[in-house]
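Dear colleague,

Please find below the structure that I am handing over to you. My findings follow directly after it.

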Amino acid sequence: MKRTLALILALVMALAMTACGGNTTAPAPAATTPATTTPAAPPAAPAAPAAQSVTLNVVTSYGGDDGNRGNFEAAVAAYEAATGNKVNDGSGTSNEEWKAKILTDFETGSEPDVLFFFTNADAEPIITANKVVSIDEIRSAYPDYATNMKDSMLAKAADGKSYAVPSSGYWENMFVNKTVLDACGIAVPGPDYTWDQFLQDCQKIKDEGYTPIACSLFEVPHYWFEFMVMNNGTVANHLDVPQSADDAAGKKWAAGLNDIKALYEAGFFPANTLTASDAETVEMFNDGEAAFLIDGSWKVGYFNENAQDLNDFAISYVPAKGQRSASEAIGGISMGYFITRKAWDDPAKREAAVEFVSQLTSDDVLSTFVTTEVTALVNGAKPSGLNALQQSAADANAKITAIAGAVQDSLTAEARGDLFANVQNVVTGKMTAEDAIASALALN
């Protein structure tokens, strides 16, 4: 660097002397320069400039107690070592507050360079505002970008384009505490578990002094909402969004909300379900105070870190009624990596962002994130070393006959928040299910 600066200064001085009269007489050497100094060798031809390292601002949901936090940190470290670039990690825990903050950052020009975010309606504001770059546009400059993914599994936005490179997919199903079930003389439910059997089991569990269902209706009623809606419809029409509370889809939603109300009135939820946090009810389940928990594949990571004995838990099936089978579940790939327009338009960051996403979604790296999840990888993921709970999930998922995405993902954040906030009003009789649906649809 010093040599380069010296050459630049010498050129500047020579040009200045020429401009001031073309005097070719060399100036006297500086007093500090010995007269016998050996002449310097002529400078070598300048080499191609080395790529400058950059710092990428990256935001993901791999924060907090996410089970893949360690895998994400390892992948970031590998990227930094391979490229010389740095990552400013702004990851947080995925919830409505986190989503709202990200959208606000885009509105104020504070968006990251790479974003790991939902690919559903939550992403539409940043897509319609031209804040993220489509995969097709990226491939016009980097043809191999995301070619290890099945194009058919790339989420499409309202404009028909794909913007996010998917990571691992999710499933939602029922976790069971086998210790509680054993104490109550109940077998772990199988893929033929019916609603009537479930109600009988819940009553037996309650009579034995345990809580049948670990759930915070205050914070996470959406898992039960999804399955109760499917229980009153089919996996094929699960993603139908009502136009009103009185149409076929609206009636299905109302029946599902009323099933949750029936469970609440029977005393099958925790006594503090209307005020408890999700963390509190999950801890109740982990501590052997509750029998059933509907949650997603991400919760396996929580039990890996917090359960005293993973053999106490298993992945089972949500009880079914009507035309649905208990082997039909909620699932899909709902998140992926977006490259923002801010990074794409920055020559210093464009290639760094493309390389980051390419590395984080490579076959080898994604396989470290996956235990039983689905992926869009053409060659599939290759997880290894499954523990007892992960193997239970793999065994359960092997018997899943069909999946549907979460219908809540078709709602705007405002409509979804309104609907789930009113679940408490429905179960306590302060509002009818139909009125709760109408209120949400008015905001959608």
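The model contains an open sheet of five strands in the order β2-β1-β3-β10-β4, with mixed pairing. Its edge strands are β2 (86-89) and β4 (165-166), each of which pairs on one side only. Strands here are DSSP runs of E with at least two residues, helices are runs of H or I with at least four residues, and both are numbered from the N terminus. Two strands are said to pair if DSSP finds at least two bridges between them.

This is a predicted model, in which local features need pLDDT of at least 70 and side-chain atom pairs count only at pLDDT 80 or more, while totals for chains, interfaces and linings use all residues. Residues are numbered from 1 along each chain as its sequence is written, and side-chain values use heavy atoms, with hydrogens and water left out.

Within the sheet, strand β1 (residues 55-59) pairs with β2 in the parallel sense over four bridges. In this pairing, N57 stands opposite N88 of β2.

Strand β9 (residues 328-332) has two pairings to report. With strand β5 (residues 170-177) the pairing is antiparallel, over three bridges, and I330 of β9 is the bridge partner of E172. Strand β11 (residues 402-404) runs parallel to β9 and is joined to it by three bridges; here I330 stands opposite A404. Five of the five residues of β9 are buried (under 20% relative accessible area; exposed is over 50% and partly exposed lies in between, with a 1.4 Å probe and protein chains only). Both faces are covered, with E328, I330 and G332 on one side and A329 and G331 on the other.

Most residues other than glycine have a negative phi. N130, in the loop between α4 (124-128) and α5 (135-141), has a positive phi of about 60°. N130 counts as partly exposed because its relative accessibility is 45%. A146, in the loop between α5 and β4, likewise has a positive phi, near 60°. A146 counts as buried because its relative accessibility is 6%.

Finally, E219, E280, E283, D287 and E289 form a negative surface patch. Such patches are made of residues with over 30% relative accessible area and no salt bridge, with like charges joined within 9 Å; a salt bridge is a side-chain nitrogen of Lys or Arg within 4 Å of a carboxyl oxygen of Asp or Glu. Of these residues, E280 is found in helix α10 (residues 278-286) and counts as partly exposed, at 43% relative accessibility.

Yours sincerely

Technical notes
Patches are made of residues with over 30% relative accessible area and no salt bridge: like charges are joined within 9 Å, nonpolar side chains (Val, Leu, Ile, Met, Phe, Trp, Tyr) within 5 Å. Accessible areas come from the Shrake-Rupley method with a 1.4 Å probe; for residues, only the protein chains shown count as cover. Lys and Arg count as positive and Asp and Glu as negative; His and the chain ends are not counted. The place of a charge is taken as NZ of Lys, CZ of Arg, CG of Asp or CD of Glu.
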